[in-house]
Amino acid sequence: MLQLFLTHLQGYKRQAVKAPILIVLEVICELLLPLVMSEIVDTAIPTGDVGYIFKMGLVMLALAGVAMFCGVFASKYAAFASQGFGANLRQCLFDKVQEFSFADIDRFSSASLITRMTNDVNAMTMMLAMGLRMLVRAPVMLVAALCISFTLNAKLALVLVVVIPLMLIAVGGLMFICTRLFETMQKKIDNLNNTLQENLVAIRVVKIFVRADYERKKFKKSNDELMDAALAVGLRIIAILPIMMLAMNGATVAVLYFGGRMVMNATFDLGQLQAFINYIVQILMSVMMVAMSLLQLSRAQACAHRINEVLSTEPSVEDKPEAEKQVLPAPKGEVEFRDVSFKYVATGTGDDVLSHISFDVKPGQFVAIVGGTGTGKSSLVNLIPRFYDASEGSVEILGRPVQAYPRDVLRGSVSVVMQKAQLFGGTIRSNLLWGNKNASDADLWAALETAQAAEFVKAKPLGLDE
């Protein structure tokens, strides 16, 4: 996961370095405040030195001001770094998915890929923002405050030697349990998104067949499963809070009891006891912050694993090195299927959708492929532009296997009319330019005339730019 962070922080590494530095300065200022207060209580107040009290008060204000300044800018830099990381990671995932074949997308499912690019990346972004602040602040505060506590009173600081290991053991056990639960929860999010996507894409079919009640039950099942998975994680996270509060309050009571006796026996100053209690609270709060950060880390770890699955997947359909040199000589050519067999590996069934298909289509020849639903007509056509690769045999154009041509050249030379028209966000013009990015307005209107949509577009106030 660290490698994932470092790789995609490109362009935001300076902010990622500045944030921890400012956090360290903020912690130093906060750690000095109890010492200054101790000086006021033990030295200035007993002697009634008002001038010294005001002087130390100004020092405390200055330290608080510097701490606030460092904290604000640390948050700013952490936000820039984390959001920049998230943007880079989403872009990298999107670019990777664009290289996938249909088989690769089938393997992950479009709903899962959407979840990974949104929900999973958001979890990673939150982890980085938290890590640049809390995972720097808490350990620095913990170690520094612990050292100061032992300097003030080593015997009294032994209370922490008992409490902190118990808290860390509880956190470690919870992390081990929650990592698996977070992975389960992310999968349930995939299932919910898949159910929702299917329903919205096929909403007309649902209404035509009056299946709304069935779809409600189907969605409720996915929704309840996600709720149960989230509750399983949430209830375990909630369980850690009483443990932490018990440990913190127990340690505070112990310090007050033993420290109070020391003050009464004149072996420890009251101001020092007050400062010691402040450090105890800071130490235990730091442990709680580390605990919460580590729990977020366990979720981020599950998300990082899912993201790495996508990034580390080699596309099943790639250009061969020699393909870059091959060019289709004409917009028409001979297509030949030689003993072609094909199966969808993602289904796991192992059954051939196409089995030992052989035929030849000459230039200018029209061939109709006829068959019932699910007999492999679309699968056969998808092998020509290499949306899938044949499991066995060879698909050839002009005597060369389709793998010999660059995918962009091959697909740019194959015209496909989809069964269902797909419109993208944008203007009418931008959608029409998908067919030919260099088309003139005359070409666009000619296409609209052919599609019998010209009158409809002319009636729009902005025409092609509507």
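Patches here are made of residues with over 30% relative accessible area and no salt bridge, with like charges joined within 9 Å. A salt bridge puts a side-chain nitrogen of Lys or Arg within 4 Å of a carboxyl oxygen of Asp or Glu. This is a predicted model, so to speak: local features need pLDDT of at least 70, side-chain atom pairs count only at pLDDT 80 or more, and totals for chains, interfaces and linings use all residues. Residues are numbered from 1 along each chain as its sequence is written, and side-chain values use heavy atoms, leaving out hydrogens and water.

**Surface charge**
- D95, E99, E314 and E318 form a surface patch of negative charge.
- E318 sits in the loop between α9 (270-311) and β1 (335-342); helices (H or I, at least four residues) and strands (E, at least two) are DSSP runs.
- E318 is partly exposed at 39% relative accessibility (buried means under 20%, exposed over 50%, partly exposed in between, with a 1.4 Å probe and protein chains only).

**Salt bridges**
- You'll find 17 salt bridges in the structure.
- R216 pairs with D213, with the closest N and O atoms 2.7 Å apart, and both residues are exposed.
- E396 and R338 form a salt bridge with closest N and O atoms 3.7 Å apart. E396 is in strand β3 (residues 392-397) and R338 in strand β1, so the pair ties together parts 58 residues apart in sequence.
- E396 is buried at 9%, while R338 is partly exposed at 45%.

**Cysteines**
- There are zero disulfides (cysteine sulfur pairs within 2.5 Å).
- The C147 sulfur is 18 Å from the closest cysteine sulfur, in C29, which is too far for a bond.

Definitions and conventions:
Patches are made of residues with over 30% relative accessible area and no salt bridge: like charges are joined within 9 Å, nonpolar side chains (Val, Leu, Ile, Met, Phe, Trp, Tyr) within 5 Å. Accessible areas come from the Shrake-Rupley method with a 1.4 Å probe; for residues, only the protein chains shown count as cover. Lys and Arg count as positive and Asp and Glu as negative; His and the chain ends are not counted. The place of a charge is taken as NZ of Lys, CZ of Arg, CG of Asp or CD of Glu.
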